[in-house]
Amino acid sequence: MPASTECPPFRLGESRFDQGSFYGRLRHFLDVIDPRTLLVSEKRLNECMKLLDQFKNGTLPPSVTNVQLWEAQKIKQAIIHPDTGEKIPMPFRMSGFVPFGTPVVVGLLLPNQTFASTIFWQWLNQSHNACVNYCNRNASKPTPMSTFFQGYLGAVSSAVTIAVGLTLLIKRAEHFSPATRILVQRFIPFPAVASANVCNVLLMRHTELSEGICVLDDKGNVVGTSKLAARHALIETSLTRVVLPMPVLLLPPLIMAMLERLPLLQKRPRLGLPVHSMVCLCAFGLALPVAISLFPQNSQIHVSELEPEIAAATECKILTYNKGL
């Protein structure tokens, strides 16, 4: 019995873990960002795709186990875009988000930033995020390139404006001691990145407010398209995008403020950057999947909060919708 719980029967296109629980979502996202899939060879990828095709066509050899099928699906989903069928460039895969994103986070959180370095790191961070979002987009419904470009420009503009503005305010704050000024400056990336995330969501998905999103009954059937559900989804997604960078951008400054008081780092300041990089890597690799797992991708809403025509079309009192991340 424990073995079947650990490895359930294979379901093509579905998650191996229960998405209704925090632990299930955590294990799912740990699979999604697993950097080991970056090292998968072309031969191994083709073997995995062949296994999944055999399962789909009903020609799977009886010796193939559920474990092998789940692993094959994990590898394919990490590398191949589900809609286009093309390989996602390595730096922009979800499994590459931590290894390729950590240097950017280290740069964002460096102390004593100049205006030029602040602008550069905020631009680089938003550029990396934009490429990841584009390469992992939902391509089943064509989205104009202008929409992505609009979201990118909005995110970069808001991030740079807030980061530079806050840096300027702190540098002009005469009642701050030099040590306090450096500490406060380290927290500037969070409000800049959080505001850019919200701006990006609103610019990329504002059409949902006029077009609506699908709401589903308890059997997964589409009841209708709701603009009110779309508003709820955008608010929830915006709040999620504010919370997600918290552990990555707030924990390292706090930890480094404590570590820099240790005699070892005071005697050997050159160790500061390597230690800072390791702290950022740990925060990125461990705290990010925990933060993502806090939020189910599907939300529930009572029919009384939706349009009358939606309520009239179903007997269910509670409907669900995909809010996205």
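**Exercise 1.** Are helices α7 and α9 roughly parallel or roughly antiparallel to each other?

*Solution.* The structure is a predicted model, in which local features need pLDDT of at least 70, side-chain atom pairs count only at pLDDT 80 or more, and totals for chains, interfaces and linings use all residues. Residues are numbered from 1 along each chain as its sequence is written, and side-chain values use heavy atoms, without hydrogens and water.

Step 1. Locate α7 at residues 145–172 and α9 at residues 189–205; helices are DSSP runs (H or I, at least four residues), numbered from the N terminus.

Step 2. Their axes come within 8 Å and cross at roughly 155 degrees, where axes are lines fitted to C-alpha atoms over the stretch in contact and angles run from 0 to 180 degrees between N-to-C directions.

Step 3. Angles over 145 degrees count as roughly antiparallel, and therefore α7 and α9 are roughly antiparallel to each other.

**Exercise 2.** Which element gives the largest share of the lining of the largest cavity?

*Solution.* A cavity is a set of points on a 1 Å grid over the protein atoms alone where a 1.4 Å probe fits but cannot get out, and lining residues have an atom within 4 Å of a point. The lining of the largest cavity comprises 14 residues, with L108, Q113, T118, Q185 and P189 nearest its centre. Helix α6 provides the largest share, 3 residues.

How values were computed. Helix = DSSP H or I, 4+ residues; strand = E, 2+ residues; numbered from the N terminus. Parallel < 35°, antiparallel > 145°, perpendicular 65-115°, else oblique. 1 Å grid on protein atoms, 1.4 Å probe; cavity = no way out; pocket = protein on both sides within 12 Å on 5 of 7 lines; lining within 4 Å.
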